[in-house]
Amino acid sequence: MGFDLSFMTVALKAGLSAVPLTTALSGGAFAVSFLCGTVFAIVRLNNVPYLSKLLQIYITIIKAVPAILLLYIVYFLIVDGFNAFSEALRLNVTSKNISMNVIAVIALSLNGTVTVSETIRGAFLSVPRGQYEGAYSVGLTGYQTLKRVMLPQMIPVAVPVLCNNLIVFIKMSALLYYISVTDILNAAQIPATINYKFLESYVAAALIYWAICVALEKLSKLLERKLSRYRDR
């Protein structure tokens, strides 16, 4: 059986219909991961008693758990846990009322927070310690030091890696197929359930992911050049 190019076009159109949802879920998870990861990085850099140790344990555990396994754990914890909670409070709602999209964002965020946290932490560490001491010696406050000294130097370092993190989120969204979220991969496979031409659907999905990732890489390079010019000034 040869490769059916016309059917790949059909699968491509089906996959494109899921691009808005995939980008929304990936972007939402990335935003949550960025906020939480920044807090994690600041806590660890400042060696906050007890909390920094707990975060280090969390990061170590999540790093060792495959993304697909974490997705299943979050899924069953939320579904079974919510049902038990609802039953205990005698609520008229069940896990069926929870959107799979919410579970998807939570699972992606738990995994992504670790990566983003390491990115932010590395960007902070890239600023020489003497820069902090010099800023304090001339009377700058902590906020002024962050705004005028740290951010202009760390952002150009963090942006390329953060854009790469976002690309990873986009690719990880393909795992959402396993909890019945209609992402790009799932949508592209739907037409193939009739004639079993899954190769064409897989190639179509790969082309969509490739196009999104290339666009993000171009945007990253453009943003990096602009930030570098700002830093040079």
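Trainee: How much space lies in the largest cavity?

Mentor: This is a predicted model, where local features need pLDDT of at least 70, side-chain atom pairs count only at pLDDT 80 or more, and totals for chains, interfaces and linings use all residues. Residues are numbered from 1 along each chain as its sequence is written, and side-chain values use heavy atoms, with hydrogens and water left out. On a 1 Å grid over the protein atoms alone, a cavity is a set of points where a 1.4 Å probe fits but cannot get out. The search of the whole structure finds one cavity of 30 Å³ or more, and the largest holds about 70 Å³.

Trainee: Which elements give two or more residues to the lining of the largest cavity?

Mentor: Lining residues have an atom within 4 Å of a point. Here they are A67, L70, L71, A107, L108, N111, M172, L175 and L176. By class, eight are nonpolar, one is polar and none is charged. Helices are DSSP runs of H or I with at least four residues, numbered from the N terminus; the elements asked for are helix 4 (67–88) and helix 5 (100–125).

Trainee: Which helix gives the most to the lining of the largest pocket?

Mentor: A pocket is an open set with protein on both sides within 12 Å along at least five of seven lines. The largest pocket has about 550 Å³ of space and 21 lining residues, with I42, L45, F124, L146 and M150 nearest its centre. Helix 2, helix 5, helix 6 (129–137) and helix 7 (142–172) each give two or more residues. The most, eight residues, come from helix 7.

Trainee: How many charged residues are in the lining of the second largest pocket?

Mentor: That pocket has about 150 Å³ of space. Its lining is I62, K63, N111, G112, V114, T115, N165, V168, F169 and M172. Five are nonpolar and four are polar. The charged count is one.

Trainee: What span does helix 2 reach from its first C-alpha to its last?

Mentor: Helix 2 has 27 residues.

Trainee: What kind of pair do the rings of F40 and Y58 form?

Mentor: Rings of Phe, Tyr and Trp (its six-membered ring) pair if their centres lie within 6.5 Å; planes under 30 degrees apart are stacked, over 60 edge-to-face, the rest tilted. By this rule there are seven aromatic pairs. The centres are 5.9 Å apart and the planes are at 90 degrees, so the pair is edge-to-face.

Trainee: How many disulfides does the structure hold?

Mentor: A disulfide is a pair of cysteine sulfur atoms within 2.5 Å. For C36, the nearest cysteine sulfur is that of C163, 19 Å away. For C163, it is that of C213, 12 Å away. The structure's disulfide count is zero.

Note on methods:
Expected span 1.5 Å × (residues − 1). Points joined across faces, edges and corners; volume = space filled by probe spheres on them. Nonpolar A, V, L, I, M, F, W, Y, C, P; charged D, E, K, R; others polar.
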